[in-house]
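Dear colleague,

I am handing over a structure to you with this email, and below it I have set out what was found. Please keep the structure open beside the text as you read.

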Amino acid sequence: MTSTRSEQIAAHRPRYQDELAHGLERFFEPRRSTCPWCSSSRLRGRLRTTDHPQHKPGKFALDQCRSCGHVFQNPRLSADGLDFYYRDCYDGLGEATMARLACSPLAIRLYRARARAMLPFNRPLLWLDVGTGHGHFCAEARRIHQDTEFHGLDWGEGVEIAARNDRIARAYRGSFVGLAGQLACQYDVVSMHHYLEHTLAPRQELAAAHTALRPGGHLLVEVPDPESASARLLGQWWGPWLQPQHLHFIPLDNLCSALAEQGFSVVATDRREPHVPTDLTSAAVNMLKSVLPGEDLPWLPERPGPLSRWARRLSLLAVAPVLLVLVALDLLLAPLTRRTRLSNAYRVVARRD
């Protein structure tokens with residue numbers, strides 16, 4: 001018998017409350033005094049924020065290197081912190097929400113655009129999607145690359161769900177860096193869509209891609225653009241900051257240089273098509289979550305009372321028309337936004353030499 005969401009929350013609450021009783025300090029590594037990208041000590045504070053998506057407790061800081069422009073979480077989440085803040089986001093309690101987002105018309109358009117980006121360069125037989133989640137990109141990309149076999153790799157159980165649902169032909173669960181040796185020279189394409197920003201060591205991930213690719217194969221990368229004007233205008237409410245899960249924000253020039261160091265030739269860059277037209281909507285949702293009465297979540301100390309629950313429902317009903325208008329504005333402005341530095345993401349295609 002399937003349990004209700006309330007029952008699932010109640011079942012999760014003891015573990016979360018026990019973890020929180022020991023404090024948040026163990027969820028963070030010591031603060032860095034140098035840039036993890038170029039080792040410069042010329043750092044400045046870029047952002048201080050909270051966990052807008054899940055509302056888990058804690059405050060998070062992003063610093064920026066004045067020498068190379070790299071933006072990074074500082075102090076960074078520890079292994080315990082990664083486990084705590086990722087849990088029930090993409091899987092578990094968050095699985096149903098993520099599944100709805102992954103199957104939305106906007107997501108499907110983005111998946112298809114990413115798949116078409118490879119058409120001028122490669123007709124792959126084997127494609128590895130790293131950070132594949134539940135494999136929805138692969139299912140859509142297969143419609144465009146009909147002769148391609150898609151494999152997926154991820155840390156979470158979503159990659160196994162993707163295989164069970166036939167979205168991918170083969171699932172690898174674990175670290176790409178750790179698994180790269182057994183995947184050596186197997187793939188014509190490796191893709192990383194909004195994956196590198198989640199990783200502890202992006203350069204090692206690029207090296208793993210070089211190992212997994214056949215000579216002449218292609219790496220396809222999309223990441224949030226820390227040089228986006230939207231990031232400056234919207235501040236802590238900018239959706240792609242996604243704290244505390246996003247650990248690194250890599251300027252385009254930095255990524256291109258790192259690819260060359262790893263033995264790749266960059267064959268295309270694009271700041272237009274990868275733009276995800278949700279900036280106004282996601283910023284409004286983040287603001288709204290910060291002022292709404294709390295919902296019933298296992299990492300919060302108490303369940304909200306009846307009055308709080310009703311206040312939350314009525315508030316959501318009241319703002320729903322505004323959110324619909326913002327969704328429409330994001331979509332209507334997208335063609336213009338893509339042609340300016342307001343675009344919030346970029347794409348790189350690189351060939352393994």
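R114, E222, D270, E273 and R347 are linked in a network of salt bridges, a salt bridge being a side-chain nitrogen of Lys or Arg within 4 Å of a carboxyl oxygen of Asp or Glu. Please note that this is a predicted model, in which local features need pLDDT of at least 70 and side-chain atom pairs count only at pLDDT 80 or more, while totals for chains, interfaces and linings use all residues. Residues are numbered from 1 along each chain as its sequence is written, and side-chain values use heavy atoms, with hydrogens and water left out.

R347 is buried, with a relative accessible area of 5%, whereas E273 is partly exposed at 32%, where buried means under 20% relative accessible area, exposed over 50%, and partly exposed in between (1.4 Å probe, protein chains only).

The count of salt bridges comes to 21, and one of them joins D296 to R13, with the closest N and O atoms 2.7 Å apart. D296 is in the loop between helix 11 (279-291) and helix 12 (306-337) and R13 is in helix 1 (residues 5-21), so this pair connects parts 283 residues apart in sequence. D296 is buried, at 15% relative accessible area, and R13 also counts as buried, at 15%.

Turning to the nonpolar side chains, the largest nonpolar core has 36 residues, of which L128, F176, L183, V190, M192, L219 and L255 touch the most other members; such a core is a set of buried Ala, Val, Leu, Ile, Met, Phe, Trp, Tyr and Cys residues joined through side-chain atoms within 4.5 Å. Several elements each supply at least two residues of this core, among them strand 4 (126-130) and helix 7 (176-179), and helix 10 gives the most, with five residues. Leaving aside neighbours within four places in sequence, L128 is in contact (heavy atoms within 4.5 Å) with residues including H151, Y172, F176, L183 and V190. A second, separate core of 17 residues includes A115, F150, V189 and L220.

With best wishes

Note on methods:
Helix = DSSP H or I, 4+ residues; strand = E, 2+ residues; numbered from the N terminus.
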